[in-house]
Amino acid sequence: EAGVDADSTLLSWSMAKSMIHAAVGILVADGEIDVDAPASVPEWAGSDRASITLLQLLEMRSGLAFVEDYVDGETSHCIEMLFGNTDPSFGRYAAMQPLEHEPGSVFNYSSGTTNIVSRIIGDIVSGGPGGTADERRGAVESFFADRLFGPAGMTSAVAKFDDAGDIVGSSYVYATALDYARFGELYLHDGVAACGAGERVLPAGWMEHARTASGHDGESGLGYGRHFWL
């Protein structure tokens, strides 16, 4: 079995969720997103989910049903979404789950929630809902390369996409250990690359936004911020 070295690209799993928080911050700075406004999800129009805000999604407080479980044979929306071929759009699969709680009232860690945000990012950077999977993927790849991975110095970072052309922000980025450290340093220095000596990538204060406590996981005992564990 081959060993892991400095050039090995490693699977992010949920570190990718924090990269989605970074992408949202960039779009907030661009004036493209208001996190306090209802999230732009076409399927929610006129439904009991229409009031869910992007901030509630980032805090894992959407109120949507989603079982985050990785054990075969048990009910798991996560397995169905990622591996069940239930919908080419992971974000749409998650968005169509029923509302179980009043939005904002209950913390429920959910990979589906992140992929809803990923889909919203895809809509913004590709010019709106729809478009072919290749068009969406190309626009999203360019956005992450030009606005996040490149400026942060994450030269090895490669994201994976669902069949609708949206980044699987819940789980699937590959990068070297050093590039994950560069991403961590980006937040440690409040969005300024190169350990605070480079260009500003994220809006000022976005680090505090990430680590503002919003939830608590009773099973692990960990606190949650906004797409970052505390």
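This is a short tour of one predicted model, stop by stop, for use with a viewer.

Residues are numbered from 1 along each chain as its sequence is written. Because the model is predicted, local features need pLDDT of at least 70 and side-chain atom pairs count only at pLDDT 80 or more, while totals for chains, interfaces and linings use all residues, and side-chain values use heavy atoms, with hydrogens and water left out.

**The sheet**

Begin by selecting residues 173-175, which form strand S3; helices (H or I, at least four residues) and strands (E, at least two) are DSSP runs, numbered from the N terminus. The open sheet has 3 strands in the order S1-S3-S2, with antiparallel pairing, where two strands pair if DSSP finds at least two bridges between them. Strand S1 (10-11) and strand S2 (158-159) stand at the edges, each with a single partner strand, so one side of each has no neighbour in the sheet. Between S2 and S3 there are 2 bridges, and if you select Ala 159 you will find Val 173 of S3 opposite.

**The nonpolar core**

Next select Phe 144 and Leu 148, which touch the most other members of the largest nonpolar core, a set of 57 residues. Such a core consists of buried Ala, Val, Leu, Ile, Met, Phe, Trp, Tyr and Cys residues joined through side-chain atoms within 4.5 Å, and buried means under 20% relative accessible area, exposed over 50%, and partly exposed in between (1.4 Å probe, protein chains only). Helix H1 (residues 15-29) gives the largest share of this core, with 8 residues. Leaving aside residues up to four places away in sequence, the contacts of Phe 144 include Met 19, Ile 20, Ala 23 and Ile 121, a contact being heavy atoms within 4.5 Å.

**The cavity and the pocket**

Now select Leu 64, Phe 66, Ala 94 and Ile 116, which are among the residues lining the largest cavity. On a 1 Å grid over the protein atoms alone, a cavity is a set of points where a 1.4 Å probe fits but cannot get out, and a pocket is an open set with protein on both sides within 12 Å along at least five of seven lines; lining residues have an atom within 4 Å of a point. The largest cavity holds about 30 Å³ of space, and helix H5 (residues 111-125) gives the largest share of its lining, 3 residues.

Move on to Glu 68, Phe 107, His 216 and Trp 229, which are among the residues lining the largest pocket. The volume of this pocket is about 210 Å³, a volume being the space filled by probe spheres set on the grid points, which are joined across faces, edges and corners.

**Arg 92**

Select Arg 92, which has its place in helix H4 (residues 90-95) and is partly exposed, with a relative accessible area of 30%. Not counting residues up to four places away in sequence, Arg 92 touches Glu 43, Asp 87 and Arg 119.

**Two loop residues**

Finish in the loop between helix H7 (177-188) and helix H8 (206-210), where Asp 190 lies. Most residues other than glycine have a negative phi, but the phi of Asp 190 is positive, near 50°. Cys 195 lies in the loop between H7 and H8, and Cys 195 also has a positive phi, of about 55°. With 49% relative accessibility, Cys 195 counts as partly exposed.
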